[in-house]
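Hi everyone, thanks for making time this morning. I'd like to walk you through one model and a few of its residues.

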Amino acid sequence: MAQYDETQEDFEEDEGYDRPSKSQIKRELQALQDLGKEMTKLGAETLNRIPLPEDVREAIDEYAKMKSFGAQRRQLQLIGKRMNGLDPEKVRAAIDMATGESRAAVAAHHRAERLRDKLIAEDAALTDFIKDFPEVDVQALRQLIRSARKEAQLGKPPKSSRELYRLIHPMVSPEVTLEKTADNE
């Protein structure tokens, strides 16, 4: 019968591992694969709002073309494998932002609507907007504002107002990065 060695156990507890266990790695990969499966159900426009690496996006697009259950299962494994360098929590946040399910997405939506309404209502708002977002195409912005005002005056459908919103919304939406950072690893 072997004698129990407390010093060996204490040594192992003190040293510990500096990397995740196999089980933890498998759980993270399964989580990424599940997120990949969720993204395969999203439309192309929604997927475009998620800053995915090109190879992951291609794998998701390929999944949509597959009919066989086995092929789809293997493709999901490939999607999970290609998403390996991404942080599952950040991917979840990006999906929620793209689908409008997060608080940040709702806040960005409301801010874009307020800015659009203010730009249409006041001339001075344009100057403030250009100061806040210097990268904006000023000529296109002015044209959309003029068209939106004219449509409102004539009682036409708000086509230009929607276009103005589509121009503003990406500027006020928070920036999302999906890669793992050093403190997340």
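**A walk through the model**

Let me begin with F133, which counts as buried at 9% relative accessibility, where buried means under 20% relative accessible area, exposed over 50%, and partly exposed in between, with a 1.4 Å probe and protein chains only. Before I go on, a word on the basis: this is a predicted model, in which local features need pLDDT of at least 70 and side-chain atom pairs count only at pLDDT 80 or more, while totals for chains, interfaces and linings use all residues. Residues are numbered from 1 along each chain as its sequence is written, and side-chain values use heavy atoms, with hydrogens and water left out.

Back to F133, then. What is its partner in the aromatic pair? A search of the whole structure turns up one such pair. The rings of F129 and F133 have centres 4.9 Å apart and planes at 40 degrees, so this pair is tilted. For the terms, rings of Phe, Tyr and Trp (its six-membered ring) pair if their centres lie within 6.5 Å; planes under 30 degrees apart are stacked, over 60 edge-to-face, and the rest tilted. F129 is buried too, with a relative accessible area of 3%.

Now the overall picture. The chain has ten helices and zero strands, taken as DSSP runs numbered from the N terminus (helices are H or I with at least four residues, strands E with at least two). Of its 185 residues, 31% count as buried. The accessible surface of the chain comes to about 13000 Å², and carbon and sulfur atoms hold 49% of that; areas are from the Shrake-Rupley method with a 1.4 Å probe, and for residues only the protein chains shown count as cover. Among contacts with a separation of 6 or more, 64% are between residues 24 or more positions apart, a contact being heavy atoms within 4.5 Å.

Let's look at some individual positions. A59 is in helix α4, residues 54-65, and is buried, with a relative accessible area of 1%. Which residues does A59 contact, leaving aside neighbours within four places in sequence? They are Q75, I79 and R82. A59 and L76 are 17 residues apart in sequence, with their C-alpha atoms 8.4 Å apart.

Over in helix α7 we find R116. Is R116 buried or exposed? At 14% relative accessibility, R116 counts as buried. Not counting residues up to four places away, R116 touches S161, L164, Y165 and I168. A121 also lies in helix α7, but A121 counts as exposed, at 63% relative accessibility. Its C-alpha is 8.1 Å from that of R149, 28 residues away in sequence.

In helix α3, residues 44-48, sits E45, exposed at 58% relative accessibility. E45 and A98 are 53 residues apart in sequence and 9.1 Å apart in space, C-alpha to C-alpha.

A98 takes us to the largest pocket: R49, M97, A98, H169 and S173 lie nearest its centre, out of 20 lining residues. α6 (88-99), α7 (103-121) and α10 (159-172) each supply at least two residues of that lining. The lining divides into eleven nonpolar, five polar and four charged residues; Ala, Val, Leu, Ile, Met, Phe, Trp, Tyr, Cys and Pro count as nonpolar, Asp, Glu, Lys and Arg as charged, and the others, Gly among them, as polar. A pocket here, on a 1 Å grid over the protein atoms alone, is an open set of points where a 1.4 Å probe fits, with protein on both sides within 12 Å along at least five of seven lines, and lining residues have an atom within 4 Å of a point.
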